[in-house]
Amino acid sequence: MVIIQTTARARRVGDRPKRRRRLGRTSPAAYLAAILVAGLTALPLLFVIIDGFRSTPDINSKPVGWPSPWRLGNYSGILGDQQFWRFLGNSAQIAVVSTALAVGFGAMAAFALSRYRFAGREALYGFFVLGLLLPPAVAALPLRLWMSRLHMLDNIYGLGVAEAAFALPVTIVILRPFMAAVPVELEDAAVIDGAGRLGFFWRILLPLSTPALATVGVLAFVTSWNSYLLPLLVFDQPEHFTLPLGVATFQSQYSQDTAKVMAFTALSIAPAVLFLIFAERRIVDGLTGAVKG
Amino acid sequence: MSTPRITSSRGRVRIRMELGFLLGPATLLFAGFVLAPIGIAIYYSLYSWGGYGPLTDFVGLKNYTDALSGSVFKQAVEHNVLLVALSLLIQLPLAVWIAMLLNRRMRGRALIRVVVFAPYLLSEATAAIIWALMLSKGSFVDQALKAVGLSGQIHGWLADPDIVFYTLFVVITWKYIGFGIILMLAGLQAVPAELREAAAIDGASPWQIMRSVVLPLLGPTIRIWIFLSVIGSLQLFDLVWIMTLGGPAHASTTMVTYMIDHGYKSNEYGYGSAVSVIVFALCFAFALLYQRFVLRRDLDGALTNAVR
Amino acid sequence: MRIRTTRYLGLTAAVATVLTAAACGSGSGGGSKPAAADSTAPATITWWHNGTADPVLSLWQQTADAYHTAHPNVTIKPDPIQNEQFQTKVPLALQGNNPPTLYQQWGGGGEKSQLSSGKVLDLTSAVSSWIGDIGQAATRWQVDGKQYGIPYEQHVVGFWYRKDLFAKAGITTPPTTMDDLNADVAKLKAAGIAPIAIGSKDRWPDAFWWEYFAVRECSVDTLKSQISALKLTDPCFKKAGDDLGTFMATKPFQDSFLGTPAQQGAGSSAGLLANGQAAMELQGDWEGGVMKSLSTDSQLSTKTGWFPFPTVPGGQGDPKAVLGGGDGFSCTKGAPPACADFLKYIDSPEVQTKIASQGVGLPVNPAAASALTDPTLQAVFQYDQQASYVQTYFDIAMPTNVGQALDSAVADFFAGKGSPQSILDSVSSTAGGSNK
């Protein structure tokens, strides 16, 4: 409801060919400021990564310092521990299920909500928007009771389905204006060619929507990957734990071994950072696409 | 916007089937896992229920009146409102400023963008654990202050009731500002460099360019950010819960930590449900008002654009 | 629900080795102990316990295996669950159709609330033949004279202190009265040592202080009757708050104590004590294990000692009354007879000895007392045995919502908000149905 208008409006501007010229040379002050910002942001991450190379007695006696010597033991120990890989695998499976369902069903619904005219359309849209206002923390306990009735507890796919439901609102809110902005002529042409509306959706609209689909996919994936409270309540068995649960569990189980906790935490950052390095362009472009069409 | 032409009753049936196919799965999923819990929460909120056995102790709206008149819940609401205000006053300008900075051409820009965005991709649990370690007494933050000669500024970051909330605000800013920056960067693509150049040639100062050219064009993006930021601020939970449990003495309690603490942790499920319904209602009221008063302008533009 | 019970679990590798050795020992000769009850019908017992780390994790696995060896028809599946998660998971499980057969149970008001689910099994007749062996401890798991849970270890709260720091401050004997304690706090401060560590972030350590003052100020009869009635109207409870306020005015705690966790990491209150950065802490008997896990000092156990909460001048309380609690298990309805029989096995000298010798906790079966190897724990156990009365932690003795409100009000008092009266008001208003 919020994003539509902006999108449609900004899109007009964005349709112009991009031509960016230099406003002059970037000053050293700007470089300095940028580096400072990046440095301050990165500091906590570096702190954790570097402490992962130290030993616990060393950290306890000197809270801040360089590793001497650099120890690989904490990291190699965790990488050799199948628990870590199980957490990682669970997180990945849940995120994939949740993303696939949210993007698939969300795109179908957004198509219907943007390019069909039917009674109750805006009401139905408003109904999905409600979901944006409901934090999972608020719904978590009733949801657990409900999932227990559906026999979906301790099932990683069950959690994936529930998380997909929570990712739907944002998906639909971003996709609908995007799809609405695709010119009518394209659809008419497709219908005349005998492709039908669903054919148009599948063959033309979805490929055209790739940037927006990437954005909502990234958002759904990240939300699922990071979610903490829902898995906490839905999983009883540690073998189903996700990475964030694993970090918290590991932290309380090994809290005497600060260095190992640091290493575990650092390794749990790694997937997010790797993901970002590969997908940075996609994310920025996708968000650009989502916001300005 | 296109309207499938309805030519026959067969066509109408067909459209219905298509709509059913397209909307059915999403509606089912959403109703089954998002709306059902809201309904269940509303139902529980009318009972005094300790989590065991059937719901028998119907108390009507007592849970709601208790929450709304309780001093701790009021404190929690104040914290959420303060968080909204601080976000608008500090995070917003900071996000715009950093986005402008990173919109320039510079060496290593991609890397800097990745770094700035990274905290947003971390899980709250991980971020909270990292900061709790850094902020503990004598740890990184204290040592860093000492190293730059500010040892007088060392505080009990998470222990002093007067400071803990601001400490958390710094962590929240660190965690979420990346999203604002990326959003603003995307919005800045809509501000053509020519416009700024032209203004500069006309003798406008950087501040004037900012105020008269950049900000108006960033308007839509800023309004979205405000919406998302307010909703996020009202629903803040994980970071606070892991770092302070809402303490000391409720100095960092938010509405949702209050709900978990005084509702679920005390086995007062009916009460907790009432608090969650209140949080939901507040978010809903904000969304309606915001839509009505702030986004109306955007709405007009959207309609005219969409119709073309 | 007890954060406090989780963290005494982490022990060093050395202990783990001993434990493995013990396991081998019990594997060959063991398993014969539990009497062959009604074990002809095949049965599976799912068992939720909070032993997510060694030595408890391995101990429970071995206990389950040993029982299975002796009763091949009974399979016991231990399911370790994070301690903090019991708070949400037990209510939800008892609400659902498939609750675990056997689950962690702390007794008191929490157990009483669970009865309203109708899913908790009455064990009274099943355990009547042997429950006398474990003495008074079992009464905390009784509701209206019926036994709904069985303890396997008990807890006692008292002062853990550093002998080396006491010596450094010129303190020769541990304090026995409040005046002594105040004098010692002054001496420690003069020597530049933080006198007392406390983990106020977690709130329940704050409550220990107020509760112990109440135990010293109030007579045993008053404690018994007013706590179960949830009406703390006797002036002695107000005096407990006054005493605490007076004591806090001497600023005996470490810097930034309001943000300090109790048991997590070297910066926790247990970590401060373990690393010699504070001289004493009011904590449960598990403190020794927690400290061991937070320190690399192999000589740590020789440097620490224990003394009971000092007497309070003019108090009506019995100076030999202690504050404590315990851990136990409950069976759910529909559980096979083997469930109660397995609890009997857990409380038998065989398993109890391991609980004592592996540093898991204080046994409930006195027959296992001699297996306590740590001299400090032996002293704690002796003191507990001679106690005239064991007051359960108030927040466990009371229904969960009242107990949480009390903890929260005491924590506010520690942070300088509220008064001795507001602590009492939190109990009466929550018990009266208010949620504010």
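I'm calling two residues in contact if their C-beta atoms, placed from the backbone, lie within 7 Å. Helices here are DSSP runs of H or I with at least four residues, strands are E runs of at least two, and both are numbered from the N terminus.

This is a predicted model, with local features needing pLDDT of at least 70 and side-chain atom pairs counting only at pLDDT 80 or more, while totals for chains, interfaces and linings use all residues. Residues are numbered from 1 along each chain as its sequence is written, and chains are lettered from A and ligands numbered from 1 in the order in which they are written.

I sorted the residues of that α8(A) and α1(B) contact by class and got 10 nonpolar, one polar and no charged. Nonpolar covers Ala, Val, Leu, Ile, Met, Phe, Trp, Tyr, Cys and Pro; charged covers Asp, Glu, Lys and Arg; the others, Gly among them, are polar.

Next, the geometry: the axes of α8 (residues 156-180) of chain A and α1(B) come within 9 Å and cross at roughly 110°. That makes α8(A) roughly perpendicular to α1(B), a label for angles of 65 to 115 degrees. Axes are lines fitted to C-alpha atoms over the stretch in contact, and angles run from 0 to 180 degrees between N-to-C directions.

Then I zoomed out to the whole contact of chains A and B, which takes 88 residues from chain A and 87 from chain B. On the chain B side, helix α1 (residues 9-44) gives the most, with 16 residues. That side of chain B has 61 nonpolar, 16 polar and 10 charged residues.

How many residues of chain A are in contact with chain C? I found 14, against 19 residues of chain C. On chain A, α3 (56-61), α7 (136-149) and α13 (243-253) each supply at least two. By class, this side of chain A has three nonpolar, nine polar and two charged residues.

Last, chain C itself: it is divided into domain 1 (3-155 + 324-391) and domain 2 (159-322 + 393-430), with bounds from an automatic or database domain assignment. Their C-alpha centres lie 28 Å apart. I noted 34 residues of domain 1 in contact with 31 of domain 2. On the domain 1 side, α17(C) gives the most, with seven residues.

Definitions and conventions: Parallel < 35°, antiparallel > 145°, perpendicular 65-115°, else oblique.
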